[in-house]
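Me: Hey, can you help me look over a protein model? I'd like to go through some of its side chains with you.

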Amino acid sequence: RKREGSSWSTRDASFPGGLPLQQARSGPTLWRVNVDEFRQLFKQDAVGELVEARVDAVARRLFEAAFSLRQRGTRFASDPPFTIEELRLSCPPTLLDGKPIQPAIVSKYLDTLCGDPVCKMATGLMAGKYKLNVAEMGNALKQLALEGVIKYKFGDLSCRLYRLLLRKHAHGECVKDGMLKFELKQLAELAVLPEKDTRPLLLRMLQAEYVLLQEVPRTSDHNPRSTTYLWYIDVESAYRTVEREILKTQYNLLRRIDAERSSPAQGLHDATLAESREPPERSAQRRVDYLTHTLLKVHETLMLMRSF
């Protein structure tokens with residue numbers, strides 16, 4: 001069938017979805033990146049890695065099968081409910097040691113994933129149906145990445161305090177809103193840390209804008225001795241702080257890569273490369289490859305923060 005007013009025909013070979021392969025005589029073939037599909041695959045892969053880390057590879061395959069059902073849903077229902085049988089039929093036929101997966105095993109996996117405080121993949125509905133919690137799993141990914149940044153920058157004890165501020169109100173679950181505010185004494189007791197050690201950890205995170213401090217004066221003169229200080233997290237503000245640091249890191253990496261490419265012979269030599277006595281050009285290329293890989297990992301974290 002030839003489209004009216006168009007210069008090419010759909011009778012030629014085409015990609016899935018109807019995109020033409022053969023160029024017509026009267027005009028060029030135009031291509032574009034399918035950003036929406038790329039974003040969907042990125043989300044699926046990111047959440048799949050979380051599911052596999054929390055449970056196992058079979059749970060990841062079940063999530064991918066449920067995600068494929070979601071993609072085939074109607075336009076107005078982005079997360080359509082599914083049954084155990086629908087999920088089982090959408091799984092590969094040889095999921096478990098070359099054998100078809102049984103409904104009882106699928107049900108057991110779904111119950112586990114519905115009760116997991118961090119990776120709450122699905123929610124049980126009436127009549128034996130389930131529904132994916134893609135937004136909640138995306139929020140869990142972002143919070144886990146945020147905790148990883150805190151652990152790397154400030155250490156394990158700071159991460160313990162931050163996790164309490166982030167998840168205490170939800171009994172360990174990763175939810176977006178409702179974070180509690182704590183006094184220093186309360187937070188120190190919950191973290192099993194002395195107050196003298198807790199205060200400097202919180203002040204460092206406050207200076208970096210990862211935690212916030214609210215003053216609640218008891219008198220009109222705002223006397224510090226009669227003022228209560230509450231520590232809390234604004235999670236959206238913390239995400240923006242992470243994004244700013246990621247963008248700064250990307251800029252520094254790009255400048256370093258440009259410097260390595262422009263003057264490879266004057267680049268910094270790693271001890272291992274110096275011992276191997278490689279040619280300067282080859283060692284410079286290794287450094288560029290390493291920096292490029294690091295840049296891609298940093299950009300992946302930025303995409304994670306902005307995709308969910």
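Me: Which ring does K43 lie over?
Reply: K43 sits over the face of F308, at 5.6 Å from the ring centre. A charge counts as over a ring if NZ of Lys or CZ of Arg is within 6 Å of the ring centre and within 35 degrees of the ring normal. Before we go on, this is a predicted model, where local features need pLDDT of at least 70, side-chain atom pairs count only at pLDDT 80 or more, and totals for chains, interfaces and linings use all residues. Residues are numbered from 1 along each chain as its sequence is written, and side-chain values use heavy atoms, with hydrogens and water left out.

Me: And what about K181, which ring is that one over?
Reply: That's Y232: K181 lies over its face, at 4.6 Å from the ring centre.

Me: Switching to rings with rings. How many aromatic pairs are there?
Reply: Three aromatic pairs. The rule is that rings of Phe, Tyr and Trp (its six-membered ring) pair if their centres lie within 6.5 Å; planes under 30 degrees apart count as stacked, over 60 as edge-to-face and the rest as tilted. One of the pairs is F63 with F67, with centres 5.7 Å apart and planes at 50°, so this pair is tilted.

Me: Where do F63 and F67 sit in the chain?
Reply: They're in helix α2 (residues 57–71), and being four residues apart there, F63 and F67 are separated by about one helical turn. Helices (H or I, at least four residues) and strands (E, at least two) are DSSP runs, numbered from the N terminus.

Me: F63, buried or exposed?
Reply: F63 is buried, because its relative accessibility is 0%. F67 is buried too, with a relative accessible area of 0%. Buried means under 20% relative accessible area, exposed over 50%, and partly exposed in between (1.4 Å probe, protein chains only).

Me: What kind of pair do F154 and Y210 form?
Reply: An edge-to-face one, 5.9 Å centre to centre with 75° between the planes. This pair links distant parts of the chain, 56 residues apart: F154 is in helix α5 (residues 134–154), while Y210 is in the loop between α8 (195–207) and β4 (212–217). F154 and Y210 are both buried.

Me: OK, charges now. How many salt bridges are in the whole structure?
Reply: A search finds 19. A salt bridge is a side-chain nitrogen of Lys or Arg within 4 Å of a carboxyl oxygen of Asp or Glu.

Me: Why would side chains like that pair up?
Reply: Side chains of opposite charge can pair when their charged atoms come close.

Me: Which residue does R167 form a salt bridge with?
Reply: With E147, and their closest N and O atoms are 3.0 Å apart. R167 is in helix α6 (residues 156–167) and E147 is in helix α5, 20 residues apart. R167 counts as buried at 10% relative accessibility, and E147 counts as buried at 4%.

Me: What else is E147 in contact with?
Reply: Leaving aside neighbours within four places in sequence, E147 is in contact with C159, R163, L166 and R167. Contact here means heavy atoms within 4.5 Å.

Me: Last one: which residues are linked in a network of salt bridges?
Reply: D45, E52, R60, R61 and E64. The R60 and E52 side chains meet at 3.0 Å, N to O. R60 counts as buried at 16% relative accessibility, whereas E52 is partly exposed at 35%.
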